Amino acid sequence: MIREEVRILRKERLEAFLRDLLRDYRVFAPVRKGELLLLDRIDSATDVALVDGKTKNSAKEALFPQRERIFAYRAEEGKVEVQVAPRTEEKQILFGVRPCDARGLLLLDAVFGGDCPDPYYVDKRAGTLVFGMACVNPSPSCFCLSMGGGPCSADGSDLLLVDLGDRYAVEAASVRGRAFLQEGPFENAGVEELAQAEEIGKEAASSMDPASIGEALEKRLERPVDDLLWAGLTESCLGCGVCTYLCPTCHCFDICDEAASTTGERIRIWDSCQFPLFTREASGYDPRPSGKERFRQRIMHKFSYLPKGRNMTGCVGCGRCVTECPVNLDIREVLKKISQAEAR
Amino acid sequence: MENPYVPFLMKIEEIITETEDEKIKTFVLSFAREEDKERFAYIPGQFAEISVFGKGEAPFGMASTPTVPERLEFSVSKIGVVTGALHNMEKGDTVGVRGPLGNGYCLEAFRGRNLLLVGGGFGFSTLRSLTNYILHERNRKTFGDLTVVYGARRPGLLLYRRDLEAWGQRTDLRLHLTVDQKEEGDEWQGRVGLVPNVIRSLAPGPGNTVAVVCGPPAMMRFTLPVLRDLGFGDENILLSLEKRMKCGIGKCGRCNVGSKYVCSDGPVFSQAELARL
């Protein structure tokens with residue numbers, strides 16, 4: 001950490017800080033909903049639950065909602081009128097996002113930005129600041145380190161907060177983040193505070209498996225993987241798609257119409273490569289007819305196609321698919337088996 | 001920046017029933033707003049998403065030629081929800097059209113070369129677009145010999161009868177029509193046989209020639225080895241792929257072939273490209 005890039009926020013000033021943010025921004029933060037910890041829009045600074053662990057949902061929802069209107073239409077007697085909402089840049093802050101989720105946004109940026117930008121995503125993204133929260137206690141299902149990230153990685157964040165007990169060290173990770181640190185309740189950081197933040201980062205990382213997964217796997221996937229191996233790996237998969245819904249980088253969607261009699265909406269909703277209807281054509285033909293092909297697509301998309309096409313891995317190691325899978329299919333084990341498998 | 005998800009509104013000018021089973025109709029569309037015509041500048045081989053409001057969108061290759069930009073045509077086989085709804089629509093109704101999408105044929109690379117177009121069934125709509133483009137008086141001289149091989153299961157399923165008749169009269173195009181089978185009572189005087197077999201017997205030379213193939217997967221699969229046997233290199237065999245698509249702009253994640261998206265990297269690929277995937 002470079003001293004000029006880090007300032008201090010005392011915890012007793014956090015609530016007032018959040019209240020200030022709420023005046024100018026839509027703020028998303030971890031909140032308790034029943035037994036769940038969710039990243040959700042907050043109305044009050046006291047709603048925020050900054051506790052160990054990560055939210056059940058990923059940060060993608062704030063930029064790529066599960067259901068989103070593309071336009072509304074009115075269709076009457078053969079005539080159609082399409083109403084598209086005017087484009088606005090919504091100012092929002094994603095507060096307390098874990099480094100894995102913040103890093104996931106970089107992949108979404110590449111997919112939804114690029115040559116043919118998606119207006120719904122990029123408009124939200126342009127006005128969004130990400131205030132990451134470093135992980136002091138990574139959980140056993142976390143494997144960000146193996147995916148090129150880390151528990152204190154600032155990739156994808158504008159500011160990264162590190163919990164020092166009674167205060168946060170706040171690191172600027174972007175130009176916009178740096179500008180933000182100049183004002184507000186921040187104090188200069190002392191040498192000990194910087195050292196403490198460094199130490200916390202090291203300790204958090206040392207508690208995790210350091211083995212890299214991505215590169216060897218990408219190389220391995222350049223050669224065909226035996227069909228029998230795919231079949232064996234996916235035998236227990238139910239195709240429920242929870243892994244893709246909770247994944248911070250999964251972004252497949254469907255476009256459909258929701259119609260009343262003469263009016264309706266064209267919406268986009270999350271879809272999943274694990275669902276049987278995802279690729280089935282109207283003729284009945286399906287290029288991915290069974291769970292084996294669908295599971296293979298998920299792995300190939302994340303660990304071969306995205307690295308090839310976008311030079312990024314489609315996995316940030318958040319471990320949600322590991323903890324939430326109803327049949328305990330652990331993607332780390334799957335990847336290990338593939339990496340070790342002989343070429344056909 | 002334009003919104004790539006919002007369709008142009010278009011009016012149905014004419015509906016042509018193409019086949020004897022009435023399952024394929026061609027919809028002739030005109031732009032509701034004149035300025036949209038310029039914004040929808042397309043080339044043969046590209047496609048568009050057609051909206052039936054309240055039912056959704058489905059992708060179709062343009063069947064018309066950009067040399068007649070005010071008349072956009074799509075041939076639609078009645079098979080699912082959107083296509084079923086389209087078939088129930090009438091002249092004067094409004095649909096949405098989003099596009100043009102995809103890469104289309106690289107016309108610059110075709111100039112000065114001979115072209116062998118191989119089509120089957122419904123996939124012929126794209127090759128009809130290309131053929132009419134090439135035959136346009138402004139364009140014809142810039143291309144070499146043009147050979148079109150087109151097959152349907154039965155004579156009554158051949159599309160674009162009016163075009164086929166006109167092409168048959170021309171001397172600057174060799175047209176070979178074939179049907180898989182002829183039934184008792186068919187007046188069909190032409191060829192009977194599967195497209196790959198017809199290609200083999202015609203034995204077109206590969207010299208300075210690009211083979212452009214569009215048709216059902218089985219036809220493409222069996223045509224490929226025949227073309228290779230005739231000496232066509234993989235880089236000179238172009239295939240149009242078809243997949244279920246939604247966004248059409250490489251984002252929604254469903255139409256992968258290997259690391260490529262059919263919608264935005266294709267739908268036209270050379271066999272050489274496909275072999276690398």
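Guide: Start with strands. Helices (H or I, at least four residues) and strands (E, at least two) are DSSP runs, numbered from the N terminus. Two strands pair if DSSP finds at least two bridges between them. This is a predicted model: local features need pLDDT of at least 70, side-chain atom pairs need 80 or more, and totals for chains, interfaces and linings use all residues. Residues count from 1 along each chain as written, with chains lettered from A and ligands numbered from 1 in written order.

Visitor: Which residue stands opposite S240(B) in β15(B)?

Guide: V268(B). Strand β12 (residues 237-240) of chain B pairs with β15(B) in the antiparallel sense, over 3 bridges.

Visitor: What is the strand order of the open sheet in chain B?

Guide: β10-β9-β8-β7-β11-β12-β15, 7 strands with mixed pairing. β10 (191-192) and β15 (268-270) of chain B are the edge strands, each pairing on one side only.

Visitor: How do I read confidence?

Guide: pLDDT is the predictor's confidence in each residue, from 0 to 100. Where pLDDT is low, coordinates should not be read in detail. Chain B has a mean pLDDT of 94, and 100% of its residues reach 70 or more. For the complex, the predictor gives ipTM 0.90 and pTM 0.92.

Visitor: How many residues of chain B are in contact with chain A?

Guide: Contact means C-beta atoms, placed from the backbone, within 7 Å. By that test, 28 residues of chain B touch 38 residues of chain A.

Visitor: Which domains does chain B have?

Guide: Bounds come from an automatic or database domain assignment. It gives domain 1 (8-101) and domain 2 (107-240). Their C-alpha centres lie 23 Å apart. In chain B, 16 residues of domain 1 are in contact with 14 of domain 2.

Key:
Contact = placed C-beta atoms within 7 Å.
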